[in-house]
Amino acid sequence: MADLLRDMRYALRVLLRSPGFTAVAVLTLALGIGANTAIFSVVNAVLLRPLPYPESNRLVYLGEWSEQVPEMSISMANFNDWRAQNTVFESMVGYQSDNVVLTGRGEPERLRLRRITAGFFPTLRVRPILGRELTPEDDKVGAAPVVLLGEGFWERRFGRDPRIVGQQLVLDQQSFTVIGVLPSRLHGSLRQMDLFTSLWRLEDELGGESNRGSHPGIYAYARMKPGVTVDHARAEMKSIARHLDELYPQSNGDDSVVLQPLLDAIVEDVRPSLLVLMGAVGFVLLVACANIANLLLARGVERHRELAVRIALGAGRWQLVRQVLTESVLLSLAGGMLGLLLAVWITAALVRGTPMGVPRMDEVSADRSVLFFTFCLSIVTGVVFGIFPALEASRADVQETLREGGRTGTAGGGRRRLRDFLVAAEVAVSLVLLVGAGLMAKSLFRVLQADGGINPANVLTARLSLPDAKYNDDAKRRNFVSQLVLKAQSLPGVEAAGYKNPLLGGAQNAYVIEGRPLPPPGRLPSADISRVSPEAMPVMGMRLLSGRYFDDHDNENTQHVCIIDETFAKQNFAAGDVLGKRIYSGGPPPAGQEPDWLTIVGIVAHVKNYGVDQPSRVEMYVPEAQRPAGGGSIVVRSAAATDPAALTTGLREAIRSLDPDIPLYEFRPLEDIVNENTASRRLSVLLIGSFAVLALLLAAVGVYGVMAYMVTQRGHEIGIRMALGASQREILEMVFRQGLRLALTGIAAGLAGAMALTRLMSNLLFHVGALDVPTFATGALALAAIVLLACWLPARRATRVDPIVALRYE
Amino acid sequence: MEPLIQLRNMEKVYEAGGSKFYVLRRVSLEIQPGEFVTFMGPSGAGKSTLLSIIGMLDGSWTGEYYFNGEPVHRLNVKKRNELHKANIGFVFQSYHLIDNLTVFENLEIPLSYKNVPHKERVSLVCDILDRFNIVGKKDLFPNQLSGGQQQLVGVARAVIQSPKLILADEPTGNLHSAQGEEIMELFRKLNEAGTSIIQVTHSERNAAYSHRVIQLKDGWVVSETSNAARVG
């Protein structure tokens with residue numbers, strides 16, 4: 001220990017005596033370690049940190065699976081059977097998400113609500129911080145409506161008033177008694193909830209036991225019994241599902257179970273891109289390490305005499321390596337400390353810049369794991385960049401170095417090769433990053449260029465929901481929506497207005513085509529169905545390919561109609577033989593009565609509802625007037641000169657004049673919503689691109705350092721060459737040749753590395769191959785150009801060597 | 001009495017471009033405990049190379065080398081290093097103090113490589129500072145000392161581990177005559193106290209301090225003369 005402290009003291013002294021070198025090294029390391037720490041903070045919070053529940057590794061998520069819909073909500077009857085028949089869970093609970101409007105306490109406010117079955121929070125091992133939990137008595141048809149508040153909502157709306165328990169809240173025109181408050185120590189989507197209420201109280205509305213084919217948005221969590229593995233639980237649940245398929249072939253078909261650890265279910269979508277980012281930022285650190293190692297090797301030449309003296313005084317090889325490594329680890333610890341500060345800043349920017357929808361981003365913080373990671377990374381980094389110089393230094397030729405007049409300032413062949421290797425490696429790693437960033441950028445470009453099927457420019461959207469208690473029949477809902485659209489259309493600055501429910505995507509419904517044989521149970525095709533007012537489709541720029549849009553004649557008194565998208569048409573009909581065909585939507589047609597056929601009156605372009613790079617389903621549109629529902633979005637296209645955002649006030653007033661208890665919320669330009677789908681991709685491009693640029697700069701500095709050092713070392717030789725008649729061009733060529741040799745070696749290795757590694761990111765690419773030749777070629781050429789640029793300064797200096805001066809020193 | 005150093009047919013050769021260049025040729029010699037020997041000869045004669053081999057810094061040679069009866073030629077690198085650490089101290093023409101360390105720390109270095117416990121190290125360093133009368137310089141860095149003072153520290157560093165043998169390569173080469181004489185007097189006293197010394201020098205005046213002068217030329221030992229007129 002005393003020896004270690006002494007080594008550290010000496011190392012500190014050595015570093016302080018070379019402030020320039022130390023500053024450059026610490027800054028380079030701070031950039032590398034800081035970027036790594038920042039990305040690790042995110043990876044740690046999102047992927048690694050357990051969910052904030054005791055023994056959270058025993059929590060699993062459950063959904064239903066069918067061949068047509070790989071992940072769908074669970075029918076209530078199936079849920080009950082799963083719960084009753086399994087032997088692997090301690091408890092299994094269901095939930096459903098919704099929005100409700102709070103009235104009677106100032107401005108109406110739309111709130112996020114989760115309906116849960118009794119035992120939901122005990123399953124997570126979370127207890128209310130105030131009041132009581134939901135009991136089985138609260139969770140049945142006919143029970144008095146009760147509600148638990150989220151801590152955030154309790155604080156925001158009621159200033160943490162403990163007297164809230166027992167008070168009444170009017171939600172969607174129905175009075176609920178507050179029975180408790182839940183802590184905010186919940187995972188992301190739960191923490192964002194304002195309210196929790198009973199799910200089974202609505203059993204009748206959810207389809208009940210009788211309608212096993214209805215999937216009303218219920219999903220489940222379960223806590224596995226101690227000792228049960230996920231595979232074991234999955235196998236048993238699949239076996240139960242198979243048994244139910246046999247018992248209920250009409251409704252269940254070949255349905256099965258999706259079961260995965262709760263953490264995986266929450267973060268699986270972002271895992272690939274986070275891991276690619278972690279890899280990319282790791283590469284930046286490798287390049288930084290190579291750079292510092294090169295600096296240390298150059299300094300090693302100066303320090304050879306000291307190390308040779310130490311050997312002559314009896315130092316063993318390990319003792320020398322330890323001394324040099326202590327210096328490098330000290331350097332990287334200093335870099336790590338500065339990097340940590342940098343990481344705090346980068347992480348905050350990352351959290352701010354990350355689009356909504358990335359789970360657990362609100363949990364990102366520099367906890368003990370992050371500090372431990374940074375500490376370990378600093379140590380490992382110090383060893384990685386220090387080990388080559390340390391080993392090299394420990395091989396000092398004592399006799400040669402200590403001999404008076406012996407060579408003390410020249411680089412041996414081994415050291416030169418090592419430095420060349422490190423620079424070539426930097427170039428290679430930078431190229432891998434450059435190609436990766438290039439592929440991501442090209443994908444983003446393709447995404448932005450792709451036709452999403454709508455024109456979001458100048459369209460403002462806002463959501464509303466009509467409480468069932470007040471808008472309890474189709475006529476009221478139809479009337480409200482049509483009046484709202486009319487009022488919106490009459491607002492100044494509005495070109496056209498419409499109504500769509502939901503705004504993007506749709507409720508998945510099985511359908512049957514008239515005259516076609518009925519597929520086997522569970523094999524019915526399905527389509528996303530949305531309800532639209534006549535003006536909504538033109539307002540959103542949905543292109544009509546054939547037939548007509550809906551018009552005011554498509555109402556409750558006329559023939560029921562639908563519009564399908566081009567994918568639907570291609571999958572089901574011959575070209576030109578679509579319009580006038582009839583479809584039944586909502587499962588198999590009921591036996592013994594005439595189905596409610598929908599006649600196809602138009603075909604529109606396919607809309608990529610979930611982003612142009614995401615899979616989308618076939619789509620069907622029905623007139624809102626023929627199937628009115630309780631909520632949706634108003635869509636307004638502003639006149640060219642009007643900022644869509646300026647229409648907000650007018651729209652609020654319009655709805656208030658119709659019903660002051662209905663709030664319009666989530667005012668957003670459609671363009672923002674569409675862009676949100678690409679936000680995560682843009683952030684990835686920005687980050688990987690920044691990492692690539694950083695690596696490129698470091699590699700350029702590395703090449704510059706090696707070439708400048710080479711020119712200094714070969715000054716005498718250059719002098720002789722010039723004295724013998726070499727022209728400046730020949731000297732330039734000599735330097736560039738060496739630079740080019742390094743560049744080509746690095747580029748060849750980098751291309752091979754990129755070919756191997758870009759495959760790992762192929763699922764992040766869009767309409768670009770992982771081995772896209774133009775991207776590889778552009779990356780290689782750009783890198784070669786930068787390497788040659790980095791050679792240019794030393795090369796120019798070489799041509800200015802004065803042969804007389806260079807030879808005089810010999 | 002067993003010789004401290006015994007070399008038999010020692011040869012060192014460099015090979016380059018298919019040709020062999022002999023640095024040392026069939027060197028055979030004996031040095032007794034307590035002897036003070038000088039290697040002399042023109043540049044390139046092989047003096048410093050021979051000193052490095054005796055100091056066990058150079059392991060690539062042929063022949064036989066016994067140190068205090070131990071067959072160095074049969075020892076592996078680790079054993080040689082241990083033998084070197086335990087018995088040999090070096091003094092260099094350019095002092096070769098470590099720039100970043102104080103006088104105290106420079107003196108402590110060889111002891112730390114011998115894993116001498118901290119307390120004992122401090123005590124030994126204090127003794128030697130006192131003995132060489134440089135207590136006042138202990139916190140100075142080498143660049144704050146004169147050449148003579150630096151070499152004094154260099155000798156103190158060689159002596160601190162009480163070696164059987166001190167190897168000195170042109171120890172006064174960078175000093176003016178008065179400082180050189182002071183260092184040579186120090187060597188004489190150390191030798192009288194029982195430490196064997198081998199020095200390489202071009203100076204007849206320094207050679208006069210030794211018992212025996214061995215002349216080398218082109219790698220060969222060409223003559224050995226006892227020094228009847230030894231200083232002191």
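The model is predicted: local features need pLDDT of at least 70, side-chain atom pairs count only at pLDDT 80 or more, and totals for chains, interfaces and linings use all residues. Residues are numbered from 1 along each chain as its sequence is written, chains are lettered from A and ligands numbered from 1 in the order in which they are written, and side-chain values use heavy atoms, leaving out hydrogens and water. Helices (H or I, at least four residues) and strands (E, at least two) are DSSP runs, numbered from the N terminus.

**Interface of chains A and B**

- Contact (heavy atoms within 4.5 Å) links 22 residues of chain A with 29 residues of chain B.
- The two chains bury about 2500 Å² between them, 49% of it on carbon and sulfur atoms; buried area is the accessible area (1.4 Å probe) that two parts lose on being put together, summed over both.
- A:R17, A:L313 and A:Q399 supply 25% of the area that chain A buries against chain B, more than any other three residues.

**Helix pair in chain A**

- The axes of α19(A) (residues 670-713) and α22(A) (residues 773-799) come within 9 Å and cross at roughly 30 degrees. Axes are lines fitted to C-alpha atoms, for helices over the stretch in contact, and angles run from 0 to 180 degrees between N-to-C directions.
- That angle makes α19(A) roughly parallel to α22(A), a term for angles under 35 degrees.
- The crossing of α19(A) and α22(A) is right-handed, meaning that the near helix is turned clockwise from the far one by less than a right angle.
- Residues of α19(A), including A:L696 and A:Y704, meet residues of α22(A), including A:L783 and A:R797.

**Strand pairings in chain A**

- Strand β8(A) (residues 195-198) pairs in the parallel sense with β3(A) (residues 109-116) over 4 bridges; two strands pair if DSSP finds at least two bridges between them.
- β8(A) also pairs with β5(A) (residues 146-150), in the antiparallel sense over 3 bridges.
- A:T197 in β8(A) is the bridge partner of A:R115 and of A:V147.

**Sheet in chain B**

- An open sheet of 4 strands has the order β2-β1-β4-β5 in chain B, with antiparallel pairing.
- Its edge strands are β2(B) (19-31) and β5(B) (70-71), each pairing on one side only.
- β1(B) (residues 5-16) is joined to β2(B) by 9 bridges, and B:Q6 stands opposite B:E30 in β2(B).
- Helix α1(B) (residues 47-54) lies across β1, β2 and β4 (62-67) of chain B, running at about 120 degrees to β1(B).

Methods. Parallel < 35°, antiparallel > 145°, perpendicular 65-115°, else oblique.
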